[in-house]
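Student: Pick one spot in this model and walk me through it closely. I'd like the surroundings as well, in one go.

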Amino acid sequence: MVILSILILNKAGGLIYQRDFNEGLKKLSSNDYLVLAGTFHGVHAITSRISPVPGSGGLEVLESDQFRMQCFQTLTGSTKFLIFAEPHQPNIDVICRRVYELYADYVMKNPFYQIEMPIRCESFDRHLAAYIKPKQ
């Protein structure tokens with residue numbers, strides 16, 4: 001399993017967390033990550049409205065020859081988790097759910113975390129790295 005990067009977006013499409021897990025990735029600037037998050041948020045909103053399937057939640061998977069992007073949206077719809085992985089990575093939905101569980105356990109239960117603000121939680125970083133790194 002190779003996870004390339006994880007991004008977490010708030011309900012307004014703002015980037016609240018970003019971490020790369022693959023050393024070979026081209027480094028983007030902070031501004032580029034913010035633009036990427038905002039662009040995805042807009043595309044997700046548009047696809048949820050134009051989908052021919054009633055009740056569709058919008059763009060969930062984007063596949064290319066170079067990567068696969070999976071979007072996991074919380075039940076409230078307020079937070080989106082974007083996971084970038086190798087193109088034929090199996091079980092990304094399981095990985096998404098586990099990242100969400102770590103987020104719920106170590107970010108949302110942190111009394112110092114303010115909702116919708118950037119995530120700066122060492123325990124979340126540590127547990128996320130412990131989950132992702134051995135699978136690389």
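Tutor: Thr-74 counts as buried, because its relative accessibility is 8% and buried means under 20% relative accessible area, with exposed being over 50% and partly exposed in between (1.4 Å probe, protein chains only). Keep in mind that this is a predicted model, where local features need pLDDT of at least 70 and side-chain atom pairs count only at pLDDT 80 or more, while totals for chains, interfaces and linings use all residues. Residues are numbered from 1 along each chain as its sequence is written, and side-chain values use heavy atoms, with hydrogens and water left out.

Thr-74 sits in the loop between strand 4 and strand 5 (helices, H or I of at least four residues, and strands, E of at least two, are DSSP runs numbered from the N terminus). Not counting residues up to four places away in sequence, Thr-74 touches Thr-79, Phe-81 and Tyr-100; contact here is heavy atoms within 4.5 Å.

Next, the space around this spot. The second largest pocket holds about 200 Å³. Its lining has 15 residues, and Thr-74 is among the closest to its centre, along with Thr-76, Ser-78, Thr-79 and Tyr-103. A pocket is an open set of points on a 1 Å grid over the protein atoms alone, where a 1.4 Å probe fits, with protein on both sides within 12 Å along at least five of seven lines, and lining residues have an atom within 4 Å of a point. The volume is the space filled by probe spheres set on those points, joined across faces, edges and corners. Helix 2 gives the most to this lining, with four residues. By type, the lining of the second largest pocket divides into nine nonpolar, five polar and one charged (Asp, Glu, Lys and Arg are charged; Ala, Val, Leu, Ile, Met, Phe, Trp, Tyr, Cys and Pro nonpolar; the others, Gly included, polar).

Thr-79 and Tyr-103 also lead us to Ile-8. Leaving aside its neighbours within four places in sequence, Ile-8 is in contact with both of them, and with Phe-81, Ile-119 and Phe-124, among others.

That brings in the largest nonpolar core, which has 23 residues; Ile-6, Ile-8, Ile-119, Phe-124 and Leu-128 touch the most other members. Strand 1 (3-9), strand 2 (15-20), strand 5 (80-85), helix 2 (92-108) and helix 3 (122-132) each supply at least two of its residues, and helix 2 gives the most to this core, with seven. Apart from this core lies another, of 13 residues, with Leu-7, Leu-9, Tyr-33 and Ala-37 among them. A core is a set of buried Ala, Val, Leu, Ile, Met, Phe, Trp, Tyr and Cys residues joined through side-chain atoms within 4.5 Å.

Follow Phe-124 and Leu-128 into helix 3, where both are buried, as are Ser-123, Ala-129, Tyr-131 and Ile-132. What covers the buried residues of helix 3 includes strand 1, strand 2 and helix 2.

Take Phe-67 for contrast. Phe-67 counts as partly exposed, at 27% relative accessibility, and belongs to the loop between strand 3 (61-63) and strand 4. From Leu-128, Phe-67 is 61 residues away in sequence and 20 Å away in space, C-alpha to C-alpha.
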